[in-house]
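Let's take a walk through a protein together, one stop at a time. Have a look at the picture below, and then we'll go through it piece by piece.

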Amino acid sequence: LLVSKDLGKHLLEVEDLLQKHGLLEADISAQTERVQALNAAALKFSELEGYQPCDPQIICNRVNHVQTCLEELGELAGKRRKELEDSRQLWAFFQEMEEAEVWIREKEQILAAKTCGRDLSSVLTLTNKHKSMLGELGSRRALLHQTMKRGEQILAKKRFSPGGIQEKMREVRLRWKKLEEVTGLHQQRLQEALNFFQFSAETDDLVAWLQDTYRIVSSDDFGHDDYSTQALLRKHRAVVEEVEKHRAAVLALRKQLALLAPEHRQGVDVQIRVVEVEQLYGEVAEVAVLRQQWLQDALAVYRMFSEVHACEVWVDEKEQWLERMEVPEELDEVEVVQHRFESLDQEMNSVMGRILDVNQVVQQLVDGGHPSSEEVRSCQDHLNSRWNRVVELVERKKSQLSSVLKIQNYLLEC
């Protein structure tokens, strides 16, 4: 049993042989105690004095022979255990290498079947799964390194033919290298797909923002008075600032497109998309400028209307006063009225300046092709007409006062 050359043909068989060898070693250990007891009893017969049933030398030779056989048996048992353990190490090595190959084939099949996703969400999911697989790859790499190290140790002992071990190690190393290359390639493809879908998502967000902004800047609401138009103008200026901030993002689209993988950046759809974004941004910026001008024109109109209203209130008041005023005949009263007209002249100079400003604003609006040009011009004509009437009334009253003063002065001289 101990000189058998059967060291097993696979790991389970070696484990079985080791288990049987353990039973044999236990049996030898039990027989060792028995042999030692028998040898001790036999040696007593060699020490007898007087009558000796057997030659003491024969007894000693016999005891030594049995002890030598027992020691040789122990050496054989130890040698076979070492051989069986070496065999177990060898077959454990082959089994671990086989498991590594199975794992590599499984990952190769998974990588061969994997796609790079159809949208940003699926790419992110696949990227997370790939990161998990990279973690598994790292753990398996460490295990394979340990297995290879044990293979080198087996070769160093030179107890087995090195051909099968070296061939298996070379084969697994090649397959592992190929797996790492495929894994790296897939990771690169995932990153390229992630870059593309992130670019697409950012472009879609930019388009959505531009479309919303276009609806805002193309609004036909210009307010209904000075206050509401000013509020709209403040909001619009904030929108214009946002449009200007997005200019850099639009200009960067071409650079981002150039950084994508050839299969993504050379697509007709993505190139058309970039052109559409640039055109849409240009339209938004252009309409924003126009709306700002329109709001400013509307504000100018409402301020002009407000100024016209203030002037007309003054004109109404003075017109009614002039129409009701009777030129007095007494000199004292004439002087009082004359002082009032002096104050009126100062007020008229001030109002005249405001009316001139109104006329200037109206001319600018008309020259600029404002859509309310006719209404503005009509308002201007009405104000100027009423102003001219007041001027005529003032001149008439002044003329009457001048006549009364001449008469009074003549009477005084007489």
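How many salt bridges does a search of the whole structure find? The search turns up 27 salt bridges, where a salt bridge is a side-chain nitrogen of Lys or Arg within 4 Å of a carboxyl oxygen of Asp or Glu. Side chains of opposite charge can pair when their charged atoms come close.

Before we visit some of them, a word on the ground rules. This is a predicted model, so local features need pLDDT of at least 70 and side-chain atom pairs count only at pLDDT 80 or more, while totals for chains, interfaces and linings use all residues. Residues are numbered from 1 along each chain as its sequence is written, and side-chain values use heavy atoms, with hydrogens and water left out.

Start in helix α1, which covers residues 11-45 (helices are DSSP runs of H or I with at least four residues, numbered from the N terminus). Here K20 and D16 join their side chains in a salt bridge, 3.4 Å from N to O. Because they sit 4 residues apart in helix α1, about one helical turn separates them. D16 is partly exposed, at 33% relative accessibility (buried means under 20% relative accessible area, exposed over 50%, and partly exposed in between, using a 1.4 Å probe and protein chains only).

Next, hop over to E347 and K318, whose side chains meet in a salt bridge of 3.4 Å, N to O. E347 lies in helix α9 (residues 331-367) and K318 in helix α8, so this pair ties together parts that are 29 residues apart in sequence. E347 is partly exposed at 32%, whereas K318 is buried at 13%. There's also a network of salt bridges linking D316, E319, E323, R386 and R389.

Finally, zoom out to the domains, whose bounds come from an automatic or database domain assignment. Domain 1 is 1-86, domain 2 is 193-296 and domain 3 is 299-413. The centres of domain 2 and domain 3, taken over C-alpha atoms, are 52 Å apart. Still, 10 residues of domain 2 are in contact with 4 residues of domain 3, contact meaning heavy atoms within 4.5 Å. Between these two domains there is 1 salt bridge. As for D226 and R303, their side chains meet in a salt bridge of 3.8 Å, N to O.

Methods:
Helices (H or I, at least four residues) and strands (E, at least two) are DSSP runs, numbered from the N terminus.
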